Amino acid sequence: MPKERDNNIIRKLEEQGSKGGVPPLLRQFYQKLLHIQSEAERHIGVPELGLTSETISDRIEQGLPLIVFDELDLDWPLLNDMLAKVIIVFSEYPELFGPIPESLKEAGAGHFLTSEVVKTWFEGSKLPTAIAANNVNERLLGDIIQATLSPFLASYSQAALSHVNQEHWRRGYCPVCGGNPDFAFLDKESGARWLLCSRCNAGWIFQRLECPYCGSKDQNALAYFTDDEGLYRLYVCEQCKRYLKAIDLRQAKSEVLIPLERLLTLDLDAQAQEYGYNP
Ligand SMILES: [Zn+2]
Ligand SMILES: [Zn+2]
């Protein structure tokens, strides 16, 4: 299934090329990245979760994501190979990311992605200064780690998501990996709002009138804007000044590939940031 989905995304991106929706460089970058991620995901398959149904329901009840870093069975040779490829793709687009320092390219070949670094990133802590020191922008480094880990986490998400009791979760972070949401959709049937994980792409149901980032339910602090067709929404929160993009699937007239929507809605990001909101 991911293969088919990824092929559809690549095809749609190519169509976009002639229409000029996504800036050409970004489109090329994303196509290359998706290609290597999709290949890695095929290699990984669907991993064994290794959790009893009791542990699963305990974690969900207590608000603990199902994946714990120390329980992950990562294929390190594959991961390091993936890292080297990701660094090459990023370094081909200095216009988008700035020049990639030589130290990082060398480090990529020398396998700097130790389990300690990956764990630090996974748990959302600050990356070790030794790594951040070599003139490498921390945000760029985070993007590279995320792009490298993405197929691994997406595979775990496929294995884990069906075990999540959606009604028992309803929290602002991902039930599979604990990541933050970076996109949302309103489902076709009931218009319920689903959040999507920025790291593993898992979807989970969440209140429509609550900010997933700071938890505010103050109706005076929460608002959303829509486009003319009512297809897209931009949720904003005055409490924490963050925003969330969403697509209303009830208004969609053709097939929607959600991962692609993140790219197709870059003008929404620009607008939100212009108004002073943060991603
Ligand atoms: Zn996740
Ligand atoms: Zn908020």
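Predicted model: local features only at pLDDT ≥ 70, side-chain atom pairs only at ≥ 80, totals over all residues.
**Aromatic pairs**

A pair of aromatic rings is described by the distance of the centres and the angle of the planes. Rings of Phe, Tyr and Trp (its six-membered ring) pair if their centres lie within 6.5 Å; planes under 30 degrees apart count as stacked, over 60 as edge-to-face and the rest as tilted. By this rule the structure has eight aromatic pairs. One of them, F29 and F90, is edge-to-face, at 5.0 Å centre to centre with 80° between the planes. This pair links distant parts of the chain, 61 residues apart: F29 lies in helix α2 (residues 24-44) and F90 in helix α4 (residues 76-91). Helices (H or I, at least four residues) and strands (E, at least two) are DSSP runs, numbered from the N terminus. F29 is buried at 7% relative accessibility, and F90 is buried with a relative accessible area of 3%. Buried means under 20% relative accessible area, exposed over 50%, and partly exposed in between (1.4 Å probe, protein chains only).

**Charges over rings**

A charge sits over a ring if NZ of Lys or CZ of Arg is within 6 Å of the ring centre and within 35 degrees of the ring normal.

| Charged residue | Ring | Distance from ring centre |
|---|---|---|
| R171 | W169 | 5.7 Å |
| R233 | Y224 | 4.1 Å |

**The zinc site**

The zinc ion (ligand 2) is coordinated at 2.2 to 2.4 Å by the SG atoms of C211, C214, C237 and C240. Donors are N, O and S atoms within 2.8 Å of the metal (3.2 Å for Na, K and Ca); water is not among the atoms, so sites may look incomplete. In sequence, the donor residues of this ion are spaced C-x2-C-x22-C-x2-C. C214, in the loop between β3 (203-206) and β4 (222-226), and C240, in the loop between β5 (232-237) and β6 (243-248), are 26 residues apart. C214 is partly exposed, with a relative accessible area of 37%, and C240 is partly exposed at 23%.

Methods:
Residues numbered from 1 in each chain as written. Chains lettered and ligands numbered in written order. Heavy atoms only, no water.
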